[in-house]
Amino acid sequence: MGTHFDLAVWDRSHRQTSSLYILSRRLPAHEFLGLGAEICSAAAAIPTHIAESTRQRARADKLRHLDEARRRAVETEALLLLLAELPYLNRDTVRMLAAENQRIQRLLEEHQGAVARGDYL
């Protein structure tokens with residue numbers, strides 16, 4: 001049985017979270033405390049729940065944490081799309097992060113399927 005460090009989805013979501021924290025510092029103060037805080041919270045929850053899923057014994061608990069990671073990935077995507085429409089940051093950079101978020105969502109779905117089938121515990 002591996003740890004979250006062995007999972008590509010954890011690594012990618014962790015790197016995305018770091019990127020979003022750095023990017024959020026470029027927001028104006030009123031958005032840094034608003035939208036910036038929301039997107040960082042949502043993004044940070046993704047690798048956190050993936051890591052927690054690897055520490056659970058029951059498959060149902062693993063799947064619950066992965067489901068929450070998927071919900072937070074969708075939330076992150078929605079916030080990224082909103083951020084792309086605002087005049088604060090480079091839209092191409094934000095769109096690139098949104099595309100990476102979609103890849104993370106696909107990896108999460110694949111990983112959750114493997115856990116549900118018992119292929120990864």
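**Figure 1. Charged side chains of the predicted model.** This chain carries 17 positive and 16 negative side chains.

**Figure 2. The helices of the chain.** Welcome to the fold itself: there are four helices and zero strands. Reading from the N terminus, the elements run α-α-α-α. The radius of gyration is 15 Å, close to the 14 Å that the globule rule gives for 121 residues, so the chain is as compact as a globular protein of that length. Along its principal axes, the C-alpha trace spans about 45 × 20 × 20 Å.

Figure 3. Of the 121 residues, 44% count as buried. The accessible surface comes to about 6600 Å², and carbon and sulfur atoms hold 53% of that area. Looking at contacts with a separation of 6 or more, 73% are made by residues 24 or more positions apart.

**Figure 4. A meeting of two aromatic rings.** Here is a pair to look for, as the count of aromatic pairs comes to one. The partners are Phe-5 and Trp-10, whose ring centres are 5.2 Å apart and whose planes stand at 75°; because planes over 60 degrees apart count as edge-to-face, that is the name for this pair.

**Figure 5. The surroundings of the two partners.** Are Phe-5 and Trp-10 buried or exposed? Phe-5 has a relative accessible area of 57%, so this residue is exposed. Trp-10, at 11% relative accessibility, counts as buried because the value is under 20%.

Methods
Residues are numbered from 1 along each chain as its sequence is written. This is a predicted model: local features need pLDDT of at least 70, side-chain atom pairs count only at pLDDT 80 or more; totals for chains, interfaces and linings use all residues. Side-chain values use heavy atoms; hydrogens and water are left out. Rings of Phe, Tyr and Trp (its six-membered ring) pair if their centres lie within 6.5 Å; planes under 30 degrees apart count as stacked, over 60 as edge-to-face and the rest as tilted. Buried means under 20% relative accessible area, exposed over 50%, partly exposed in between (1.4 Å probe, protein chains only). Helices (H or I, at least four residues) and strands (E, at least two) are DSSP runs, numbered from the N terminus. The radius of gyration is taken over C-alpha atoms; the globule rule is 2.2 Å times the number of residues to the power 0.38. Contact means heavy atoms within 4.5 Å. Accessible areas come from the Shrake-Rupley method with a 1.4 Å probe; for residues, only the protein chains shown count as cover. Lys and Arg count as positive and Asp and Glu as negative; His and the chain ends are not counted. The place of a charge is taken as NZ of Lys, CZ of Arg, CG of Asp or CD of Glu.
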